[in-house]
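Please open the structure in the viewer and keep the selection tool at hand. The stops below are meant to be visited in order.

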Amino acid sequence: MTGALVWSQAAGATNGEIRQALTVTAVDLGPAGRDNAYGFGLVQAKAALDYLGGGGGDPTDNPPTATISNPSDGATFASGVSISFAGSASDDEDGDLTADLVWTSDLDGEIGTGGSVSAVLSDGSHSITASVTDSAGNADSASVTITVGGGDTGGGDGITLSVSTYKSRGVQQADLSWSGATSTSVDVYRDGERVTTTANDGADTDSTGQKGGGSAAYQVCEAGTSTCSNTVNVCW
């Protein structure tokens with residue numbers, strides 16, 4: 001149907017030209033290039049028309065920009081953990097498009113929309129993509145690769161940790177949630193250094209005192225021991 005729509009607006013184009021336009025302007029949703037799950041990606045009719053020179057669009061309309069702030073590329077998570085995803089999107093003409101971000105996993109498909117979503121993903125290596133399309137049909141996407149249930153998660157001691165990040169008045173904050181610790185109190189580690197010892201009530205907030213972007217690796221351990229959770233890599 002999309003091909004017919006493009007052909008109706010660019011009737012002088014050949015079948016091969018229309019196919020090429022749809023292919024090269026599609027938003028890649030999985031691994032780079034064509035894959036069995038998504039083909040060439042999400043079709044963009046307006047972008048295909050512009051590619052063919054028949055869209056009649058404004059050539060000065062800039063494409064949007066999509067970014068992923070959490071999780072960091074290469075992060076590893078334990079099986080069954082709810083993973084927090086955060087990102088933003090903006091466009092010179094349309095302004096803030098963060099609410100229009102579409103999050104997908106090449107293994108599990110669409111996992112949510114908006115600037116902040118959480119999901120429990122299947123075990124394996126996931127290519128996570130946040131994509132956005134502006135009102136002119138221009139698109140952009142950002143991707144990170146994460147691993148669930150594999151690699152060095154450090155979660156063999158039965159403590160499971162998840163972390164969500166945000167900023168308060170520009171200062172980096174991290175909300176930690178954990179389960180499985182049996183001690184009265186736990187040690188919270190950031191980048192291998194203990195930042196606090198707190199009650200084992202399953203939640204704590206770490207304020208780094210830093211502003212701007214950055215990244216960190218968190219871990220929770222039973223106080224004074226080496227019984228620790230998985231390591232969670234985050235960024236702001």
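The tour begins with a sheet, then turns to a glycine in a loop and an aspartate in a strand.

The model is predicted, so to be read with its thresholds: local features need pLDDT of at least 70, side-chain atom pairs count only at pLDDT 80 or more, and totals for chains, interfaces and linings use all residues. Residues are numbered from 1 along each chain as its sequence is written, and side-chain values use heavy atoms, with hydrogens and water left out.

**The open sheet.** Select the five strands that form an open sheet of mixed pairing, in the order S2-S9-S8-S5-S6. Strands S2 (76–77) and S6 (109–113) stand at its edges with a single partner strand each, so one side of each has no neighbour in the sheet. Strands are DSSP runs (E, at least two residues), numbered from the N terminus; two of them pair if DSSP finds at least two bridges between them.

**Strands S8 and S9.** Next, select residues 124–133 (S8) and 139–148 (S9), which pair in the antiparallel sense over ten bridges. Thr 133 stands opposite Ala 139 in S9.

**Gly 170.** Move to the loop between strand S10 (160–168) and strand S11 (171–179), where Gly 170 is found. Gly 170 is partly exposed, at a relative accessible area of 28% (the class between buried, under 20%, and exposed, over 50%, with a 1.4 Å probe and protein chains only). Its contacts (heavy atoms within 4.5 Å) are Gln 210, Lys 211 and Gly 212, not counting residues up to four places away in sequence.

**Asp 204.** Finally, select Asp 204 in strand S14 (residues 203–211). Asp 204 is buried yet has no salt bridge (a side-chain nitrogen of Lys or Arg within 4 Å of a carboxyl oxygen of Asp or Glu). The nearest side chain of opposite charge, Arg 190, is 8.9 Å away; Lys and Arg count as positive, Asp and Glu as negative, and His and the chain ends are not counted.

Conventions: Helix = DSSP H or I, 4+ residues; strand = E, 2+ residues; numbered from the N terminus.
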